[in-house]
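Here is a short report on helix packing and aromatic contacts.

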Amino acid sequence: MQLTRSVRRHAVLQPDAVASRSHGRTRTWAELTRRISHVAGALRELGLRHGDRVAILALNSDHYMEAMYAITWAGGVWVPLNTRWSIPENAYGLQDSGASLLIVDAHFAGAADELARQCGNVRAVIQTDGVPGTAGWLAYEDLVANAAPGEDARRGGEDLAGIFYTGGTTGVSKGVMLSHRALIASALGVSSFSVQ
């Protein structure tokens, strides 16, 4: 059970079908797969190794989905930060998870700038849309355009896929470590309720 298998399968079976629509952009499965492989290649060029953590602080978009799959494709573990948390709370998540890379959209550029200053473990920030808000940050679309495509690491089963932080209502938030199998089982469970 691999999270990336569904993307690869759709790219073969229906490459020209629409995979995503977001912010006026439409991508086919072939385009989505190509973009994911290039971002994964860029993450590896930035030093990402199997099991390394990459945090995402962004609103829902096609870039978010691509980044999530690219992290997995590169063999990394994605850490979705909470868009409603304060900077200290997200700094805790970054430090606790050990994330070395941060992917951010323009909406959270200000917060990401402060997070990068506070968290010494973050060695690179990638901004998904527009020109990066801070000098030295990387532009997501430049990675898509310029990085060599990376091979799918094909991690799956009980391999760690993501670290999801709890609300912390009874204390400090805990990072819940979920495997590929757990995330796929959860998705299948939810989809069985949505079928009418």
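W85, Y92 and Y165 form one aromatic cluster. Rings of Phe, Tyr and Trp (its six-membered ring) pair if their centres lie within 6.5 Å; planes under 30 degrees apart are stacked, over 60 edge-to-face, and the rest tilted. This is a predicted model: local features need pLDDT of at least 70, side-chain atom pairs count only at pLDDT 80 or more, and totals for chains, interfaces and linings use all residues. Residues are numbered from 1 along each chain as its sequence is written, and side-chain values use heavy atoms, with hydrogens and water left out.

The whole structure holds three aromatic pairs. W78 and F164 make an edge-to-face pair, with 5.2 Å between centres and 80° between planes. W78 sits in strand 4 (residues 77–80) and F164 in strand 8 (residues 160–165), so the pair ties together parts 86 residues apart in sequence. Helices (H or I, at least four residues) and strands (E, at least two) are DSSP runs, numbered from the N terminus.

Accessibility comes next. Buried means under 20% relative accessible area, exposed over 50%, and partly exposed in between (1.4 Å probe, protein chains only).

| Residue | Relative accessibility | Class |
|---|---|---|
| W78 | 8% | buried |
| F164 | 22% | partly exposed |
| H38 | 14% | buried |

H38 belongs to helix 2 (residues 29–45). Neighbours within four places in sequence aside, H38 is in contact with L143, V144, A147, A148 and P149. Contact means heavy atoms within 4.5 Å.

Helix 2 also packs against helix 1 (residues 5–13), at about 135° with the axes 8 Å apart. Axes are lines fitted to C-alpha atoms, for helices over the stretch in contact; angles run from 0 to 180 degrees between N-to-C directions. Helix 1 is therefore oblique to helix 2. Angles under 35 degrees are roughly parallel, over 145 roughly antiparallel, 65 to 115 roughly perpendicular, and the rest oblique. V7, H10 and A11 of helix 1 meet W29, T33 and I36 of helix 2. This contact has four nonpolar, two polar and no charged residues. Ala, Val, Leu, Ile, Met, Phe, Trp, Tyr, Cys and Pro count as nonpolar, Asp, Glu, Lys and Arg as charged, and the others, Gly among them, as polar.

The axes of helix 4 (residues 87–97) and helix 5 (residues 109–118) come within 10 Å and cross at roughly 50°. That makes helix 4 oblique to helix 5. Helix 4 contributes I87, N90, A91, L94 and Q95 to the contact, and helix 5 contributes A111, E114, L115 and Q118.
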